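Thanks for coming. I will go through a few pieces of this structure, and you can follow along on the screen.

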Amino acid sequence: MAPKPPPPVHMIDVSGASKTFGNVVAVSDVSFTLDAGVTALLGPNGAGKSTLFRMLCGLTTPSVGTVKVLGRDARNDTPVRGKIGLSPQQDALFDRLTAYEFVEIAARTHGVANPDSATTHALSLVDLDSVTDKAVGSFSKGMRQRVKLAAALVNDPQILILDEPLSGLDPVQRNRMIQLFHDLGSQGKCVLISSHILDEVARIGSQVLVIAQGRLAASGDYRDLRTLMEDQPHVIQITTNQPRKLGAALLEQEIIEGVTIEQEKLNITTSRIDSFERSIAPIAKSLNVSLNEVIPLDDDLESVFRYLIEGK
Amino acid sequence: MSTITPLQAIRLTHSVLLKQLITKGRLIGIAIVGVLPILLGWVIGAQSNDPLEAGVGFVSYMGLSILVPIVALIFASASLGDTREDGTLVYLWLRPISRLSVSTGAWAASVTIALPLTVIPMTVSALLLDAGNSVVTATMITSILAVVAYSGLFVTLGLIVKNPVLWGLAYIFIWEAIVASFAKPAAALAVSGYSRAIITGRTNVEFDYLFDPSQSVSVLMLIIITIAGIAFSSARLNRLEVP
């Protein structure tokens, strides 16, 4: 009989990991595996995303369970640390170093073969090649984010762990960085990116891990999660000069299921979000009603979690 | 990709932390403090009947018990302590280099700054004391050894307590200055006891100290304190929960 092949080694393998600080449970019984590609870790502030990232990098040990990166424990395995690029959430940098020095130190401590060209390349990837001689202490929040990213990328790591890397970036930079993450993912790297912004996650990656209150609430393809969400009635607030007239018309056309009126504000619930989005403007126009504001009230992350965790 | 040698890792850590440690405020403050022993040395040298004994006493109490430990405390405790506090430690800790290289680099950075800020004013004051070349040489050697040992000790302190400067001052002014002068076992755990023993031994000046080890034992102990400090901070880095 042929010997049983060893189980495959995942690039990231988290098994039953929990982390407690005194009586506070930061991460509770989380398990998942990740391989090449881009994965978004979605969760509200304080959900345990950064603690999970710190465990992955070995910065802190799990209280229970195991956390392996490339089959190893990053805390005690020096070579595996050389295969990780981390952009931590905290804003702190070596402020007295220039952008070039900050990234170059990362290259040299990683033993990169040609640290100068690697540094120049990493800085150009994040569009900081024009400010290489400036002290990072003088950088804006967005530039600080990008210099952290450059330092994380300079050793061409197999695993990239990026904690809220898009916060503080302008829309153009966000697009550039998201494209860069996708390029890295398609090159076979395991890119794990945290965010607490739902729309951002939709653009970061199709693979999503949702964490809330320290627990893994859901995982899988973002579109599946979104579809799951879209089965739920949406709550939308419309500010108009004639809320009764508009509400009646929407009910009559069976686009909405429920309506409440508060002065000029019309709060509606609908399961047919696509129809609603298509029809609201034409209906308002045909009724000669002005639409001042249309705001989704439940398109925030808390609503997603409430649904995923509590099913409501 | 290849890993770098421990020496390269020490050099890189040293260079990063050196830049972080050198702030205008710290340098100006300590330069001002450094003027004080020079002035006192000049006054004592001009007025003393026995410049040798007065000079050695001054170097022992002013230099080796106050200036050297305080300057070493300020820089050594900040070298890794500040990085832990502000969250930049992760940029050294997560690299594929040994923790011993990181703590040695931090110690080396502290020594690089603390040495000129202590040895120069102490040597100038020893010259102004006009107590002979033996005092000047002994002052230089002892100041260097004391800075090296205190730095090893205080790099560790920066990693194990929240307010290392306060704890360090308590060690200097309570443990070393008071407790160690009454209890011999406590004196054996005071860096200043060994550094004072070296300068008095080299200049043949005798003071009535409770604890009076030989010069060779003192040098050996300062080296042991330095190595133990670096090793302990390295072990502490291994166990640390990095922010």
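Before the first piece, one definition: a helix axis here is a line fitted to C-alpha atoms over the stretch in contact, and the angle between two axes runs from 0 to 180 degrees between N-to-C directions. Also keep in mind that this is a predicted model.

Let me start with two helices in chain B. Helix 5 of chain B covers residues 99-129, and helix 10 of chain B covers residues 215-239. Their axes come within 8 Å and cross at roughly 130 degrees. That angle makes helix 5 of chain B oblique to helix 10 of chain B, since roughly antiparallel would need an angle over 145. As for the hand, the crossing of these two helices is right-handed.

Which residues of helix 5 of chain B and helix 10 of chain B make the contact? From helix 5 of chain B they are Arg99(B), Leu100(B), Val102(B), Ser103(B), Thr104(B) and Trp107(B). From helix 10 of chain B they are Ile230(B), Ser233(B), Ser234(B), Leu237(B) and Asn238(B).

Strand 6 of chain A has parallel partners. Strand 5 of chain A, residues 84-87, is joined to strand 6 by four bridges, and Ile84(A) has Ile159(A) as its bridge partner. Strand 7 of chain A, residues 190-195, pairs with strand 6 over five bridges, again in the parallel sense. There, Ile159(A) has Cys190(A) as its bridge partner. Between strand 6 and strand 7 of chain A the chain passes through helix 6, residues 171-186, and this β-α-β crossover is right-handed.

Strand 1 of chain A, residues 12-21, is joined to strand 2 by seven bridges. Within that antiparallel pair, Asp13(A) stands opposite Thr33(A) of strand 2.

That is what I have for today.

Key
Residues are numbered from 1 along each chain as its sequence is written. Chains are lettered from A and ligands numbered from 1 in the order in which they are written. This is a predicted model: local features need pLDDT of at least 70, side-chain atom pairs count only at pLDDT 80 or more; totals for chains, interfaces and linings use all residues. Two strands pair if DSSP finds at least two bridges between them. A crossover is right-handed if, with the strands pointing away from the viewer, the path from the first strand over the helix to the second runs clockwise. Angles under 35 degrees count as roughly parallel, over 145 as roughly antiparallel, 65 to 115 as roughly perpendicular and the rest as oblique. A crossing is left-handed if the near helix is turned anticlockwise from the far one by less than a right angle, and right-handed if clockwise. Two residues are in contact if their C-beta atoms, placed from the backbone, lie within 7 Å.
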